[in-house]
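Please read its points alongside the sequence and the coordinates.

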Amino acid sequence: MSRMLRASAIMAAGTMVSRLTGFVRTAVLAAAIGTFALGDAYNAAYTIPLILFDLLIGGVLSSVIVPMIVRAKKQDADGGRAFEQRLMTLAIVVLTLIAVLGVLLARPIMVLYTASNWSPHKIDVAASLARFILPQIAFFGIGAMAGAILNTRDRFAAPMWAPVLNNIVVIGIGVAYYMTGSSDIDKVSDRSLMLLGLGTTAGIVAQSIVLVIALHRAGFRFRPRLGLRDTGLGEAGKAALWTFVFVGINQFGFWVTTKLATGAGDAAPGAGNSAYSYAFQLFQLPYGIIAVSVITAMLPRMSRYVHDGEFDSARAEFGSGVRLVSSVIVPSGLLLMVLGPAATTLIFSWGNMNAENALYIGYVLQVFGLALVPFSIFQLLLRVFYSFGDTRTPAIIAAINVAIQATLSLIAYSTLPARYIVIGMAFAYALTYVIGSGVAWVLASKKIQGLGGRGVAAGLSRMYVAAIPAAVVALAVLWLAREIAPITALSSAVILAAGGGFGLLFYLLAAHRMRVPEVSSIIGLVTSRVGR
């Protein structure tokens, strides 16, 4: 627990700064381009390189590459150095070719991912942005591969801190665009689109450079290696096949979500893809700060334990990770459900945004709060399968998830008024992960011969009991503030400071009194750092 906590704390600090600067970035971009037609076009274009990267290599990193590097370090005479160099070479070559192909096919790709009721001009704007943004794919790959190699060397800080530079670059671009560009899609110029698109790509370039420098300092020396025989990459390819299926299934679900959300936005401006995307980014904050940090530290160790046949240690590592993540995620989910509109009003009611649109994002965020705990536990459960090199079972579970989410989202699109569609889609997302985490738990428990479900359930119960007073306090502050004045950026800041601050304090005190060990460990770590 203490080792995982220390490693997670280092990453969490970087991730927290990264996520916070990411929200400043999101707020600045929203203020510059809004959540109407141009905002929807930008967000659609921005997600394409993320989709293609995820399809090609993103999912393979955690499920296949990290465990394979760990094995190569143990088995290869050179400690896995040549294997790492071949992986980096392959990533650079393949993703560069894909980036070039993506730029050439930008408009057909945008037609595929956007609603059929988009005008030709709106698609043209999105395609123009995509041509400037799609080169990110190659730099995503270089940075992600560098981060994976660093993680296997227990170097966790750089991958978590590097996105800060990316955010700073894009914040500067957003400010420049706000001062010189237009949020009206019919008035935006080609020069403004170039500034927005190339500026977004420049942030990823800066991030990847930082990771490459960190990798060099960690002792990695890149040498192009194209030979693939007797390298173990054939085995990685077989294992990656099911990961590609897994990612492809998830991206089909994302395609359905994007098509429906962009359609909703055309029917109800301000209540479409941009609102869904911004709410989703905020929803990911607690998960990104604590869960990603724990997962990153947990996977290499679980892979080593499973490789050595130490299942008891692997189960203990997993149980410790779930309890540590839940100690932060449980109160965060409840507070999101209470304070979501206050948070989005503070962040988004500026520039070309207005209070009504900001509040709407908050309503979507409140529903996403329901998904925070099951989503985080689901991601931890996937690492049980990946530590065994099992990529087939996650693909099967993903198919179940996508079938449920797509069906529920289509029902929401068909039955709800346009303004409530993406709220219904957020609820579909939450319900999907409640079911999916249950299925994944049963299958993972069979895989590793038990996951200590009773202990985890007991810990979660105590955390929820401790978190309820926090939610009540936050709700009381929100009610009192709304009785005195309407929700504005200023009142939202007061609500978040008082409701969130006192709520968190109540949770820490209650959890400490109830002897939730993970919370006590976090308090001990923080006080020891402060005392130095």
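1. Overall make-up. The protein chain has 18 helices and zero strands; helices (H or I, at least four residues) and strands (E, at least two) are DSSP runs, numbered from the N terminus. This is a predicted model, in which local features need pLDDT of at least 70 and side-chain atom pairs count only at pLDDT 80 or more, while totals for chains, interfaces and linings use all residues. Residues are numbered from 1 along each chain as its sequence is written, and side-chain values use heavy atoms, with hydrogens and water left out.

2. Of the 532 residues of the protein chain, 57% count as buried, where buried means under 20% relative accessible area, exposed over 50% and partly exposed in between (1.4 Å probe, protein chains only). Contact means heavy atoms within 4.5 Å. Among contacts between residues at least 6 apart in sequence, 85% join residues at least 24 apart.

3. Helix 7 and helix 8. The axes of helix 7 (residues 157–180) and helix 8 (residues 190–217) come within 8 Å and cross at roughly 160 degrees. Axes are lines fitted to C-alpha atoms, for helices over the stretch in contact, and angles run from 0 to 180 degrees between N-to-C directions. Helix 7 and helix 8 are therefore roughly antiparallel to each other; angles under 35 degrees count as roughly parallel, over 145 as roughly antiparallel, 65 to 115 as roughly perpendicular and the rest as oblique. The crossing of helix 7 with helix 8 is right-handed. A crossing is left-handed if the near helix is turned anticlockwise from the far one by less than a right angle, and right-handed if clockwise. By class, this contact of helix 7 with helix 8 has 18 nonpolar, seven polar and no charged residues. Ala, Val, Leu, Ile, Met, Phe, Trp, Tyr, Cys and Pro count as nonpolar, Asp, Glu, Lys and Arg as charged, and the others, Gly among them, as polar.

4. Helix 11 and helix 17. For helix 11 (residues 311–348) and helix 17 (residues 489–513), the axes come within 9 Å and cross at roughly 170 degrees. Helix 11 and helix 17 are therefore roughly antiparallel to each other, and helix 11 passes helix 17 in a right-handed crossing. On the side of helix 11, the residues that meet helix 17 include Ser327, Pro331, Leu339 and Ala342; their partners in helix 17 include Ala489, Ser492, Gly499, Gly500 and Tyr507. The residues of this contact of helix 11 with helix 17 divide into ten nonpolar, five polar and no charged.

5. Phe348. This residue is found in helix 11 and is buried, with a relative accessible area of 1%. Which residues does Phe348 touch, not counting residues up to four places away in sequence? They are Thr26, Ala27, Ala30, Tyr278, Leu282, Met353, Ala358 and Ile361. The C-alpha atoms of Phe348 and Val28 are separated by 8.2 Å, although the two residues are 320 residues apart along the chain.

6. Aromatic pairs. Rings of Phe, Tyr and Trp (its six-membered ring) pair if their centres lie within 6.5 Å; planes under 30 degrees apart count as stacked, over 60 as edge-to-face and the rest as tilted. By this rule the count comes to 18 aromatic pairs. One of them is the stacked pair of Tyr42 and Tyr46, with 5.9 Å centre to centre and 10 degrees between the planes. Because Tyr42 and Tyr46 are four residues apart in helix 2 (residues 37–75), they are separated by about one helical turn. Tyr42 counts as buried at 2% relative accessibility, and Tyr46 counts as buried at 18%. Phe280 and Phe283 form a tilted pair, 5.5 Å centre to centre, with 50 degrees between the planes. Phe280 is partly exposed, with a relative accessible area of 25%, whereas Phe283 counts as buried at 0%. Ring pairs link Tyr276, Phe280, Phe283, Tyr287, Phe368, Phe375, Phe378, Tyr429 and Tyr433 into a cluster.

7. Gln136. Leaving aside its neighbours within four places in sequence, Gln136 is in contact with Tyr46, Pro49, Thr200, Thr201 and Ile204.
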